[in-house]
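Biologist: I would like to go through this one with you. Tell me what each label rests on.

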Amino acid sequence: SGTIYVLRSESDHPLVAQHRNIVHKIGVTNMAVEKRIAGAHLQPTFLMANVEIVAQYTLYNINRTKLEKLIHRVFGAALLDIEIPDRFGTLIKPREWFLVPLDVINEAVERIRDQSIADYRYDPQQARLVRSTSTP
């Protein structure tokens, strides 16, 4: 089992502040989300800022690593392109932040539950999930 978590950053980075309502970190963990985000302000993966938990979904009989890769593939077109300096000034490019409305994330989780998510991808221009097109 595992928990899909959706976080909102309290970062004052201009890009994050400008789009705060749609900038979400989407991840999967096997621990309590509160424990996972402890010390967020010290970790570049959390944009060196505190975060707010905006959603949690518990799923059973899943491979957490594969599930997280699937979610990141579905939302890949909306990956937040940002570099954050860590405590030592080294620029880090976090890979789990996406410009996606929460209602679309909710829909994706429902599609994970009904196992139809593999047929979808996120279209940033339409701000919604669309059926994937296969090429032979």
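Biologist: What makes the lining of the largest cavity nonpolar, polar or charged by class?

Modeller: The lining has ten nonpolar, no polar and no charged residues. Ala, Val, Leu, Ile, Met, Phe, Trp, Tyr, Cys and Pro count as nonpolar, Asp, Glu, Lys and Arg as charged, and the others, Gly among them, as polar. The lining residues are Ile4, Ile26, Ile71, Val74, Phe75, Ile105, Ala108, Val109, Ile112 and Ile117. H4 gives the largest share, four residues. H3 and H4 each supply at least two. Helices (H or I, at least four residues) and strands (E, at least two) are DSSP runs, numbered from the N terminus.

Modeller: A word on the source. This is a predicted model: local features need pLDDT of at least 70, side-chain atom pairs count only at pLDDT 80 or more, and totals for chains, interfaces and linings use all residues. Residues are numbered from 1 along each chain as its sequence is written, and side-chain values use heavy atoms, with hydrogens and water left out.

Biologist: Why is one space called a cavity and another a pocket?

Modeller: The search uses a 1 Å grid over the protein atoms alone. In a cavity a 1.4 Å probe fits but cannot get out; a pocket is an open set with protein on both sides within 12 Å along at least five of seven lines. Lining residues have an atom within 4 Å of a point. The structure holds one cavity of 30 Å³ or more. The largest cavity has a volume of about 50 Å³, and the largest pocket about 180 Å³. A volume is the space filled by probe spheres set on the points, which are joined across faces, edges and corners.

Biologist: Which residues line the largest pocket?

Modeller: Ile62, Asn63, Leu67, Leu70, Ile112, Arg113, Gln115 and Ile117. Helix H3 (64-74) and helix H4 (102-113) give two or more residues each. By class, the lining divides into five nonpolar, two polar and one charged.

Biologist: Why do Lys25 and Glu96 count as a salt bridge?

Modeller: A salt bridge is a side-chain nitrogen of Lys or Arg within 4 Å of a carboxyl oxygen of Asp or Glu. Lys25 and Glu96 meet at 2.1 Å, N to O, so the pair qualifies. Lys25 is in strand E2 (residues 23-29) and Glu96 in the loop between strand E5 (91-92) and strand E6 (97-99), 71 residues apart. The whole structure has five salt bridges.

Biologist: Are Lys25 and Glu96 buried or exposed?

Modeller: Buried means under 20% relative accessible area, exposed over 50%, partly exposed in between (1.4 Å probe, protein chains only). Lys25 is at 0%, so Lys25 is buried. Glu96 is at 16%, so Glu96 is buried too.

Biologist: What of Asp119 and Arg131?

Modeller: Their closest N and O atoms are 3.8 Å apart, and they form a salt bridge. Asp119 lies in the loop between H4 and E7, Arg131 in strand E8 (residues 128-131). Asp119 is partly exposed at 38%. Arg131 is exposed at 53%.

Biologist: How do you know that Asp123 has no salt bridge?

Modeller: The nearest side chain of opposite charge, Arg121, is 4.4 Å away. The limit is 4 Å, so Asp123 has no salt bridge. Lys and Arg count as positive and Asp and Glu as negative; His and the chain ends are not counted. Asp123 is buried and lies in strand E7 (residues 120-123). The side chain of Asp123 reaches the backbone nitrogen of Gln125 at 2.8 Å.

How values were computed
Polar contact = N/O pair within 3.5 Å; in protein donor to acceptor, adjacent residues only side chain to side chain.
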